[in-house]
Number of protein chains: 2
Amino acid sequence: VRYLEYFTGRRPVRVLADGLQSEHGAWFYHKRNRNVVVETTDDIPEHEDFRWMTLGQIAELLHLDNVVNMDARSVLACLPGGGEPYALHDDVELRSWISSEQARNVVHADRVPCSTVPGWTRGPWSIDHEERRHFSVIAVSVRAGNREVTRWTQPLFEPRERGVIAFLIRSFDGVPHVLAQARVEGGFLGAVELAPTVQALPGNYAGAAAGERPPFLDLVMSADPPPSPVARNPAPSGKARVLYSAVHAEEGGRFFNAESHYLVVETDVVEAPPGFRWVTVAQLSALVQHSHYLNVQARSLLACLNAMAARGGDGVLGLRP
Amino acid sequence: VRYLEYFTGRRPVRVLADGLQSEHGAWFYHKRNRNVVVETTDDIPEHEDFRWMTLGQIAELLHLDNVVNMDARSVLACLPGGGEPYALHDDVELRSWISSEQARNVVHADRVPCSTVPGWTRGPWSIDHEERRHFSVIAVSVRAGNREVTRWTQPLFEPRERGVIAFLIRSFDGVPHVLAQARVEGGFLGAVELAPTVQALPGNYAGAAAGERPPFLDLVMSADPPPSPVARNPAPSGKARVLYSAVHAEEGGRFFNAESHYLVVETDVVEAPPGFRWVTVAQLSALVQHSHYLNVQARSLLACLNAMAARGGDGVLGLRP
């Protein structure tokens with residue numbers, strides 16, 4: 001693996017971030033990857049598959065669909081952030097709430113034989129849900145040109161449709177806060193991690209009563225389009241407005257056609273329902289320095305929030321003061 | 001449970017510390033408890049089984065054998081600590097090292113039937129190791145006077161002998177550092193947590209060659225007795241000297257006759273072997289604000305280190321400057 005020596009201690013570097021982070025707790029059992037950022041002053045040649053970029057350039061690319069991959073987004077989210085003078089809940093309160101959610105949600109996950117899982121069927125090409133919900137596990141044959149092994153077969157995980165992943169955002173005392181969710185996923189090592197406000201495949205809830213749909217899914221899906229770059233007036237009261245919108249792929253080595261619509265949506269909602277808390281972007285950046293606080297979708301959106309801030313100057317683009 | 005309302009959000013309090021912490025990863029599978037400290041200004045009456053004490057009084061009691069129980073020691077360790085101006089490894093380096101140890105030590109623990117575990121036998125009263133090492137699981141009948149249920153039976157976990165739990169301590173640039181171990185225990189949720197320098201039942205290593213005994217066990221067990229309170233001269237070069245020594249019980253609700261000899265031993269050792277790092281007491285206090293960084297033995301010794309500091313003034317008692 002190219003450049004690996006900079007991450008294994010074989011070359012002198014300054015570590016900026018280094019933690020073990022979860023991935024897709026609803027899809028993987030206890031999967032975690034080390035996310036590392038190191039600073040080097042070596043003169044490192046660019047291999048033809050690699051380019052040096054500024055963080056500002058990556059911030060611009062993060063506003064485009066399907067350019068920055070999931071692992072890059074996750075690692076970018078782990079860069080240390082700045083502090084903010086105010087948060088609705090201070091850091092100790094925030095950790096205490098996370099602990100209470102972890103203590104309240106006791107999860108026992110044990111692996112069981114595939115044949116004993118109700119609602120799923122095994123066909124010649126795939127394992128599928130009987131109602132065509134959630135995802136399939138499919139068998140694929142891969143041919144690739146730029147790898148030493150140019151052909152192989154493997155199972156891949158195919159979600160049934162494009163996901164919706166969104167943070168609601170609003171200011172408290174002039175400081176932007178996002179509405180984080182304490183989310184239980186069966187594959188998490190610690191039962192609960194912080195997730196975006198909305199994280200759903202909408203089709204799973206087609207025809208469901210309003211009370212059974214994920215909180216804020218409808219608000220996010222009916223939000224107004226982004227404001228023009230010129231007129232940065234706030235959204236009308238009672239409405240939600242899209243401040244960031246891009247389609248990003250989930251990891252391509254394990255997933256097939258796994259895309260999600262990532263959104264940051266301005267709102268004047270104030271009340272955080274049970275299982276949700278308003279947190280600042282700086283608090284998310286501080287938590288992600290440690291393992292297992294932010295799920296992979298929250299880390300992706302944190303990278304997007306930072307990209308918005310890079311483009312918008314000091315604050316988040318268009319957010320009402 | 002008395003006073004529980006102060007920890008469940010039913011009474012207004014200020015939370016000072018709140019995290020889920022592991023217990024005895026070599027003895028328990030994935031056990032974790034919430035450790036919480038809250039500040040209240042309520043006028044709380046003392047039940048006859050409870051007394052208000054100053055932290056200074058508890059620090060004094062921590063110098064006595066078998067007075068402060070394990071849960072109290074663990075919770076006391078979670079109190080926020082002060083900062084220190086210097087550490088041999090800064091916080092990012094320290095977390096990076098912990099991540100590298102967690103990535104290096106992949107542990108798969110699955111529960112299996114008792115009858116399939118080699119080396120252990122089941123008798124009418126207990127489950128024991130064939131060579132009488134490690135521990136037994138025993139059946140007991142309990143009678144108690146101050147509980148509503150005054151008689152019950154339960155299994156208890158009985159270690160084979162008294163444990164030795166010790167931190168080596170020495171100053172770097174005038175700041176005391178302890179030698180922490182990245183320790184794998186089968187019951188940990190995350191494979192690795194920080195542990196004291198030495199954590200062992202010495203009898204398990206009787207007759208073992210020097211290279212197979214736990215690092216620093218012999219150094220700790222042959223350390224000189226504490227200096228007199230008057231003459232605080234440093235230990236002679238090449239020697240180790242006991243600065244703190246007390247016998248404390250492990251938790252009494254699950255363990256039977258489970259005592260450990262807790263030690264803080266001054267040394268002039270400099271080199272940290274693989275799997276060990278010198279860390280400051282302030283760094284331990286910062287890490288324990290989060291879940292699953294310090295194992296229960298390290299938390300107990302952290303409470304003892306704080307008790308030494310409370311007694312000794314600004315620094316750790318007797319430590320060479």
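A:Asp128 and A:Arg160 form a salt bridge, with their closest N and O atoms 3.8 Å apart. This pair links distant parts of the chain, 32 residues apart. The model is predicted. Chain B and chain A share an interface that buries about 1,900 Å². In each chain, helix 2 packs across helix 6 at roughly 75°.

**Salt bridges**

- Over all chains, the structure holds 30 salt bridges.
- A:Asp128 lies in strand 4 (residues 126-129) of chain A.
- Its partner, A:Arg160, sits in the loop between strand 6 (151-159) and strand 7 (163-172) of chain A.
- Side chains of opposite charge can pair when their charged atoms come close.

**Interface of chain B and chain A**

- In this interface, 23 residues of chain B are in contact with 23 residues of chain A.
- Of the area buried between the chains, 47% is on carbon and sulfur atoms.
- The interface is crossed by 2 salt bridges.
- A:Arg111 and B:Asp110 meet through their side chains in a salt bridge, at 3.9 Å from N to O.
- On the side of chain B that touches chain A, strand 1 (14-22), strand 2 (32-39) and helix 3 (91-104) each supply at least two residues.
- Helix 3 of chain B gives the most to that side, with 7 residues.
- By class, the side of chain B that touches chain A has 8 nonpolar, 9 polar and 6 charged residues.

**Helix 2 and helix 6 in chain A**

- The axes of helix 2 (residues 70-77) and helix 6 (residues 296-312) of chain A come within 7 Å and cross at roughly 75°.
- Helix 2 of chain A brings A:Met70, A:Arg73, A:Ser74, A:Leu76 and A:Ala77 to the contact.
- Helix 6 of chain A answers with A:Val296, A:Arg299, A:Ser300, A:Leu302 and A:Ala303.
- The residues of this contact divide into 6 nonpolar, 2 polar and 2 charged.

**Helix 2 and helix 6 in chain B**

- In chain B, the axes of helix 2 (residues 70-77) and helix 6 (residues 296-312) come within 7 Å, crossing at roughly 75°.
- Helix 2 of chain B is therefore roughly perpendicular to helix 6 of chain B.
- From helix 2 of chain B, the contact residues include B:Met70, B:Arg73 and B:Leu76.
- From helix 6 of chain B, they include B:Val296, B:Arg299 and B:Leu302.
- This contact has 6 nonpolar, 2 polar and 2 charged residues.

Conventions:
Residues are numbered from 1 along each chain as its sequence is written. Chains are lettered from A and ligands numbered from 1 in the order in which they are written. This is a predicted model: local features need pLDDT of at least 70, side-chain atom pairs count only at pLDDT 80 or more; totals for chains, interfaces and linings use all residues. Side-chain values use heavy atoms; hydrogens and water are left out. Axes are lines fitted to C-alpha atoms, for helices over the stretch in contact, and angles run from 0 to 180 degrees between N-to-C directions. Helices (H or I, at least four residues) and strands (E, at least two) are DSSP runs, numbered from the N terminus. Angles under 35 degrees count as roughly parallel, over 145 as roughly antiparallel, 65 to 115 as roughly perpendicular and the rest as oblique. Contact means heavy atoms within 4.5 Å. Ala, Val, Leu, Ile, Met, Phe, Trp, Tyr, Cys and Pro count as nonpolar, Asp, Glu, Lys and Arg as charged, and the others, Gly among them, as polar. Buried area is the accessible area (1.4 Å probe) that two parts lose on being put together, summed over both. A salt bridge is a side-chain nitrogen of Lys or Arg within 4 Å of a carboxyl oxygen of Asp or Glu.
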